[in-house]
Amino acid sequence: MMARLVFATNNAHKIEELEAILAPAWEGFEPGVVARMAEFNLPDPVEDGVSFAENSLLKARAVCAATGLPAIADDSGLSVDVLGGAPGIFSARWSGRHGDDAANLDLLLAQLADVPEAHRGAAFVSAAALVLPDGREFVEYGTVEGTLLRERRGENGFGYDPIFVPKGFEVTTAQMSPEEKNAISHRGIAFRALTPRIIEALTA
């Protein structure tokens, strides 16, 4: 087995997404090179930063320190223009309950109920961080601009996907296939930008 990378997550979908990005870019790539925290019995790192980049670095640093292996992490969320960038880093717990997608979405729709179509701009934002055992750190960003609908459409995706229509499209990200969404997603953009650093770190 070649060198391994630990992703500061236990989300299997994120692991699959990163491996799908690494495989075509890395000659000799082997499945399983990306490990999840559960393999090391690690607790969830504390996310008390004030930006996407700070939170992703906090998670990657904690996992790198605990395992002695290169670590990657991402932090992402929805930035709504008329809310001054909120929910932002609080996207996953906007309603007060972490990970309650339905409640978060209901609250946001209620807050935007009186906002006219011309002012319903928003963007999905992601910061992906790579932390190496030698102390080097790298952060890359991904942003997808779009608009927010007044009601849900689509059954795929998660979070705010059912109301987010990316710029240049007529469907929400919840109406896209996983492949279509990954091709344009904020997280995919950030991961692809970080890929050369990851490959360099694991093949040096």
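Phe191 is buried, with a relative accessible area of 0%; "buried" here means under 20% relative accessible area, with exposed over 50% and partly exposed in between, using a 1.4 Å probe on protein chains only. Keep in mind that this is a predicted model, where local features need pLDDT of at least 70, side-chain atom pairs count only at pLDDT 80 or more, and totals for chains, interfaces and linings use all residues. Residues are numbered from 1 along each chain as its sequence is written, and side-chain values use heavy atoms, with hydrogens and water left out.

Let's stay with helix 5, which runs over residues 186-203 and holds Phe191. Helices (H or I, at least four residues) and strands (E, at least two) are DSSP runs, numbered from the N terminus. Helix 5 has 18 residues and spans 26 Å from first C-alpha to last, close to the 26 Å expected at 1.5 Å a residue; that expectation is 1.5 Å times one less than the number of residues. There is a kink of about 40 degrees at Thr195, shortly before Pro196, the bend being the angle between axes fitted to the seven residues ending there and the seven starting there. Buried residues of helix 5 include Ala190, Leu194 and Ile198. Among the elements that cover its buried residues are strand 1, helix 1 (12-25) and strand 3.

Now for the aromatic rings. The count comes to three aromatic pairs, where rings of Phe, Tyr and Trp (its six-membered ring) pair if their centres lie within 6.5 Å, and planes under 30 degrees apart are stacked, over 60 edge-to-face and the rest tilted. One of them joins Phe7 and Phe191 edge-to-face, at 5.6 Å centre to centre and 80 degrees between the planes. Phe7 sits in strand 1 (residues 5-7), 184 residues from Phe191, and Phe7 is buried too, at 0%. Another pair, Phe124 and Phe164, is tilted, at 4.5 Å and 50 degrees. Phe124 is in strand 4 (residues 121-131) and Phe164 in strand 6 (residues 164-166), so this pair ties together parts 40 residues apart in sequence.

So where does UniProt put the "active site"? The unreviewed entry places it at Asp75; positions follow the numbering used here, feature names are shortened, and annotations may be inferred rather than shown by experiment. Asp75 is in strand 3 (residues 71-80) and is buried, at 7%. Beyond neighbours within four places in sequence, its contacts (heavy atoms within 4.5 Å) include Glu47, Lys59 and Ser126.
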